[in-house]
Each structure stands twice: as structure tokens, then as C-alpha cells.
Amino acid sequence: MKKKKSVKKKKQAITKKRQPVKKQITKPLILKLIYILMFIFTAFLLISGISLISNANLVTEQLTQIALEEGMPEIIELISPQTFITAGIILIIISVIMFILAFYLRKTKKWAKITTIILSIFVLIISLLSLTQGNTSLFNILSLIISALIASYLLFNRQVKIAFT
């Protein structure tokens with residue numbers, strides 16, 4: 001009896017040793033920086049959306065006053081609390097999508113990488129179009145540069161390709 005038990009234990013030990021060991025692939029530092037920045041941007045979008053919803057009436061009053069002072073009465077028709085509530089809801093939805101992308105980019109899911117690349121290229125195109133229309137704001141230029149860097153890094157970096165396989 002004792003021999004059978006010891007033989008069983010040896011066989012179990014051997015089969016445990018034969019199980020394939022998952023290779024731990026380290027994530028590139030820049031990839032970590034990208035999803036950390038995405039989490040920060042998500043928080044910013046969420047706070048902005050909630051602020052727009054909660055302060056829709058105040059923002060409407062202030063913008064109406066500015067439009068009257070600047071002599072732009074045609075804009076007043078476009079300004080309403082519903083406009084800012086809708087914008088706030090859109091920002092909250094975008095923040096949820098960004099959070100999901102950042103979370104799964106952190107987990108090195110290939111679909112999250114592809115979606116992030118597509119969104120970065122989309123922002124890049126919008127920034128370029130905005131620049132051609134004369135919008136040379138710092139925010140527009142930074143979004144152009146950051147989007148180009150993220151898309152090219154996720155597309156062409158060898159370590160990223162290895163991490164997402």
C-alpha cells in the first residue's frame with residue numbers, strides 16, 4: 001500500500017513538472033505610460049461631463065451674457081441647458097469607453113491595441129483638419145503630436161508587438 005501511494009505521488013509530481021510554464025512578458029515602459037495617461041484623461045473627461053451636467057444652467061446664462069456683450073445674438077438660439085447636458089452625457093460615455101480601453105490595454109488585449117490605434121489616427125486626422133482651418137491652439141497641436149506618437153508606437157514598436165502576441 002505504501003509503495004502504491006508513493007508511486008502515485010511521484011507520478012503526480014512528474015505531471016506537475018511537465019505542465020507548460022507561461023512565459024512572463026514584461027510590458028514596455030511607454031505602453032504603461034500610455035494607459036496611465038489614458039486613465040488620467042478618463043478621469044478628466046468624467047469630471048468635465050459631470051460638471052457640464054450639473055452646471056448647465058449657469059453655463060447657459062454666462063454664455064448668453066457673453067454673446068449679448070459681443071453682439072452675437074444668433075448664437076443665443078443655440079445655447080440651452082439641454083445642449084450642455086447632452087455634451088456632458090457624451091463626455092461621460094467617452095470616458096467610460098476610454099476607461100475600458102485603458103484597462104484592457106493594460107491587460108495587453110489585442111483588440112484594445114487596435115481600437116486605440118484607430119482612435120489615435122482618428123484624432124490625428126481631426127487635428128490635421130483643424131490645423132488646415134487655422135486652429136493653431138496649443139491643445140490642437142499637442143493632440144496632433146500625442147496621437148501620432150501613440151499610433152506609431154503601438155503600430156511599429158517591436159516590444160509592443162511581442163507584448164500583444
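Predicted model: local features only at pLDDT ≥ 70, side-chain atom pairs only at ≥ 80, totals over all residues.
## Overall architecture

The protein has 8 helices and 0 strands, so that its elements, read along the sequence, follow the pattern α-α-α-α-α-α-α-α. Of its 165 residues, 23% count as buried, and the protein exposes about 12400 Å², of which carbon and sulfur atoms supply 69%. Among the contacts between residues at least 6 apart in sequence, 69% join residues that are at least 24 apart.

Helix H3 spans residues 56–70 and reaches 21 Å from its first C-alpha to its last, which is close to the 21 Å expected for its 15 residues at 1.5 Å a residue. The buried residues of H3 are Ala56, Thr60 and Ala67; because they cover an arc of only 35° around the axis, they lie on the same side of the helix.

What covers these buried residues includes helix H2 (29–54), helix H4 (73–76) and helix H5 (81–106), whereas the face of H3 turned away from its buried side carries the exposed residues Glu61 and Glu69. After H3 comes Gly71, whose phi is positive, near 75°.

Thr108, in the loop between H5 and helix H6 (110–132), has a positive phi of about 55° although it is not a glycine. Thr108 counts as partly exposed because its relative accessibility is 21%, and the cut-off for buried is under 20%.

Note on methods. Residues numbered from 1 in each chain as written. Heavy atoms only, no water. Helix = DSSP H or I, 4+ residues; strand = E, 2+ residues; numbered from the N terminus. Expected span 1.5 Å × (residues − 1). Buried < 20%, exposed > 50% of the residue type's maximum accessible area, 1.4 Å probe, protein only. Arc of directions from axis to C-beta. Contact = heavy atoms within 4.5 Å. Areas by Shrake-Rupley, 256 points an atom, 1.4 Å probe, with all protein chains shown as cover.
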